[in-house]
Amino acid sequence: MKIICIGRNYSEHARELNNAVPAEPVFFMKPDSALILNNQPFFLPDFSNEIHYEAEIVIKINRLGKNIDKKFAHRYYEEIGIGIDFTARDLQRKQAEAGKPWEIAKAFDGSAPLGKFIKRDKLPDYNAISFRLEKNGAIVQKGNTRDMIFSFEEIIAYVSKFLTLKIGDLIYTGTPAGVGPVKTGDRLEAFIEDMPMLSFTVK
Ligand code: ZN
């Protein structure tokens, strides 16, 4: 199983980090050791002083595919979830300035908490999924997938040009504006269409 994450897929978030809006999807990966399941706590790592949350809609790949045509891409997922792409922003900045890869800032253990999944047909409109993240009961991020620069289908088509997608692979589809830091004791709760899907504590 692999975890693919899309960067800069909401223009407001690209702007808040002073990044150009991309002409094609930007993706990176996390290993399976990044996953946190079952609302287990996230432990702040000691190598960063600036861990940021990024709430993202996650799709789960349900069939094997390579070079998937955009018009068939909707057949390659049917479950929708929500997760956090934890990012060591200080390390990411340092790596980017030095032109080095992002792994130490993005792929570390526990950097991918993942909530429950729901069949997309249970949602009012899976091309316009509303979601939000609350920190200690206050809304910090609010998004709707209709604002994505690249749709789920475009992402699947693009990524599968380079990587074979396999059953169970996860795609974190990018974060909307409002990313920010976490500290010990914070409680994060993520919702899809007002349904609680993920809830955990930062330790
Ligand atoms: Zn992200």
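**Close-up views of a predicted model**

View 1. A polar atom of the Gln-95 side chain lies 2.8 Å from the backbone oxygen of Pro-101. The structure shown here and in the other views is a predicted model. Gln-95 belongs to helix H2, which covers residues 89–97. With a relative accessibility of 11%, Gln-95 falls under the 20% limit and therefore counts as buried. Leaving aside residues up to four places away in sequence, Gln-95 touches Lys-100, Pro-101 and Ile-104.

**View 2. The largest pocket and its lining.** The volume of the largest pocket is about 260 Å³. The pocket is lined by 18 residues, and those closest to its centre are Arg-8, Leu-17, Asn-19, Arg-89 and Gln-92. Strand S1 (3–7) and helix H2 are the elements that contribute two or more residues to this lining. Helix H2 supplies the largest share, namely four residues.

**View 3. The zinc site.** Three residues coordinate the zinc ion: Glu-54 and Glu-56, each through OE, and Asp-85 through OD, at 1.9 to 2.1 Å. Along the chain, the donors of the zinc ion follow the spacing E-x1-E-x28-D. Glu-54 is located in the loop between strand S4 (51–53) and strand S5 (55–61), and Asp-85 in the loop between strand S6 (77–84) and strand S7 (87–88), so this pair ties together parts that are 31 residues apart in sequence. Glu-54 counts as buried because its relative accessibility is 4%. Asp-85 also counts as buried, at a relative accessibility of 0%.

**View 4. The open sheet and the pairing of S6 with S8.** Seven strands form an open sheet in the order S2-S1-S11-S5-S6-S8-S3, and the pairing is mixed. At the edges are strand S2 (26–30) and strand S3 (35–36), each of which pairs on one side only. Strands S6 and S8 run antiparallel and are joined by four bridges. Ile-80 has Ile-118 in S8 as its bridge partner.

**View 5. Leu-114 in strand S8.** Leu-114 is part of strand S8, which comprises residues 112–119. Its relative accessibility is 6%, so Leu-114 counts as buried. Not counting residues up to four places away in sequence, Leu-114 touches Leu-35, Ile-36, Leu-37, Asn-38, Val-58, Ile-82, Gly-83, Leu-170, Tyr-172 and Leu-198. One of these residues, Ile-82, is 32 residues from Leu-114 along the chain, yet the C-alpha atoms of the two are separated by 6.2 Å.

**View 6. Strand S13 between its partners S9 and S14.** Strand S9 (residues 130–135) and strand S13 (residues 187–192) run antiparallel and are joined by five bridges. Within this pairing, Lys-135 has Leu-188 of S13 as its bridge partner. Strand S13 also pairs with strand S14 (residues 195–201), again in the antiparallel sense, over six bridges. Ile-192 stands opposite Met-195 in S14. Two residues lie between the strands in the hairpin of S13 and S14, where Glu-193 takes a positive phi near 45°.

Conventions:
Residues are numbered from 1 along each chain as its sequence is written. This is a predicted model: local features need pLDDT of at least 70, side-chain atom pairs count only at pLDDT 80 or more; totals for chains, interfaces and linings use all residues. Side-chain values use heavy atoms; hydrogens and water are left out. Buried means under 20% relative accessible area, exposed over 50%, partly exposed in between (1.4 Å probe, protein chains only). Contact means heavy atoms within 4.5 Å. A polar contact is a pair of N or O atoms within 3.5 Å; within protein, one must be able to donate a hydrogen and the other to accept it, and residues adjacent in sequence count only if both atoms are side-chain atoms. Two strands pair if DSSP finds at least two bridges between them. Donors are N, O and S atoms within 2.8 Å of the metal (3.2 Å for Na, K and Ca); water is not among the atoms, so sites may look incomplete. On a 1 Å grid over the protein atoms alone, a cavity is a set of points where a 1.4 Å probe fits but cannot get out, and a pocket is an open set with protein on both sides within 12 Å along at least five of seven lines; lining residues have an atom within 4 Å of a point. Grid points are joined across faces, edges and corners, and a volume is the space filled by probe spheres set on the points.
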